[in-house]
Amino acid sequence: MKVKIDDIIDAVDFDSDMSESFLNTKTEQVCMFTDEELRAAENNVDLSDSAEWYCEAVASAKYYLENQDDYLSLPEKYDFNEYRIIEKFIARVVIPKQSEMLSQSIHGKGAFRRFKTVLEKLGLADEWYKYRGQKLREFVEFWCKENKIDFE
């Protein structure tokens, strides 16, 4: 059995400050727990009035807490360093005016939003997302190899 690399890619891409993602090394399944689910599992919160999906999520979080040795933390989105990937993408843009506009867009507060706006304006969004997806896949493949995880 091999880990589905797309599941790890999705987990890294979906990462947020309010959740954690793991690989269950026994089942080779990727799982994500929100901070709320983990707190509920730690504190044995009464779930009698909760939705079924939430009860299942808390039960999975509880299992994780009781079996942490079976889990490997997945890299966080910040480990991917998207800002550096943006800089590398801009360096590949061959039209100087476009490169200059993109470079100016990534400085200061709101850089990611401005960068995406300029990409759309220049018609480079598809090229960016393809490049970003390729770099994210390479990042996850490297992580898998470092952690001796077979993937497909």
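Student: How do you know that strand 1 and strand 3 pair?

Tutor: The two strands are joined by 3 bridges and run antiparallel. Two strands pair if DSSP finds at least two bridges between them, so 3 bridges are enough. One of these bridges links F22 to S73 in strand 3.

Student: What kind of model is this, and how are its residues numbered?

Tutor: The model is predicted, so local features need pLDDT of at least 70 and side-chain atom pairs pLDDT 80 or more, while totals for chains, interfaces and linings use all residues. Residues are numbered from 1 along each chain as its sequence is written, and side-chain values use heavy atoms, leaving out hydrogens and water.

Student: What makes a run of residues a strand or a helix here?

Tutor: Both are DSSP runs, numbered from the N terminus: a helix is H or I over at least four residues, a strand is E over at least two. By that rule the protein has 8 helices and 3 strands. Their order along the sequence is α-β-β-α-α-β-α-α-α-α-α.

Student: What makes strand 1 and strand 2 a pair?

Tutor: Strand 1 (residues 19-24) and strand 2 (residues 29-34) run antiparallel and are joined by 6 bridges, so they meet the rule for pairing. In strand 2, C31 is the bridge partner of F22, and V30 is the bridge partner of L23. The hairpin formed by these strands has 4 residues between them, and E28 in this hairpin takes a positive phi near 60°.

Student: Why is D70 called buried?

Tutor: Its relative accessibility is 16%. Buried means under 20% relative accessible area, exposed means over 50%, and partly exposed lies in between (1.4 Å probe, protein chains only). The value for D70 falls under the 20% limit, so D70 counts as buried. D70 sits in the loop between helix 3 (52-66) and strand 3 (71-73).

Student: Which residues does D70 touch?

Tutor: Setting aside residues up to four places away in sequence, D70 touches L23, N24, T25, K26 and Y63. A contact means heavy atoms within 4.5 Å.

Student: What makes strand 1 "mostly covered"?

Tutor: Of its 6 residues, 5 are buried.

Student: Why is R137 called partly exposed?

Tutor: Its relative accessibility is 31%. That lies between 20% and 50%, so R137 is neither buried nor exposed. R137 belongs to helix 8 (residues 125-146). Not counting residues up to four places away in sequence, R137 touches I5, D6 and I9. R137 and D6 are 131 residues apart along the chain, and their C-alpha atoms are separated by 8.2 Å.

Student: Why are N44 and K148 called exposed?

Tutor: N44 has a relative accessible area of 53%, and K148 has 75% relative accessibility. Both values are over 50%, so both residues count as exposed. N44 lies in the loop between helix 2 (35-42) and helix 3, whereas K148 is in the segment after helix 8. Phi is positive in each of these non-glycine residues, near 50° for N44 and near 55° for K148.

Student: Is V45 buried, partly exposed or exposed, and how do you know?

Tutor: V45 counts as partly exposed at 42% relative accessibility. V45 is in the loop between helix 2 and helix 3. Its C-alpha atom is separated by 54 Å from that of Q98, which is 53 residues apart along the chain.

Student: How does the protein stand against the rule for a compact globule?

Tutor: The radius of gyration is taken over C-alpha atoms, and the globule rule is 2.2 Å times the number of residues to the power 0.38. For 152 residues a compact globule would have a value near 15 Å, but the protein has 19 Å. Along the principal axes, its C-alpha atoms fill a box of roughly 60 × 35 × 20 Å.

Student: What share of the contacts joins residues at least 24 apart?

Tutor: The share is 57%, among contacts between residues at least 6 apart in sequence.
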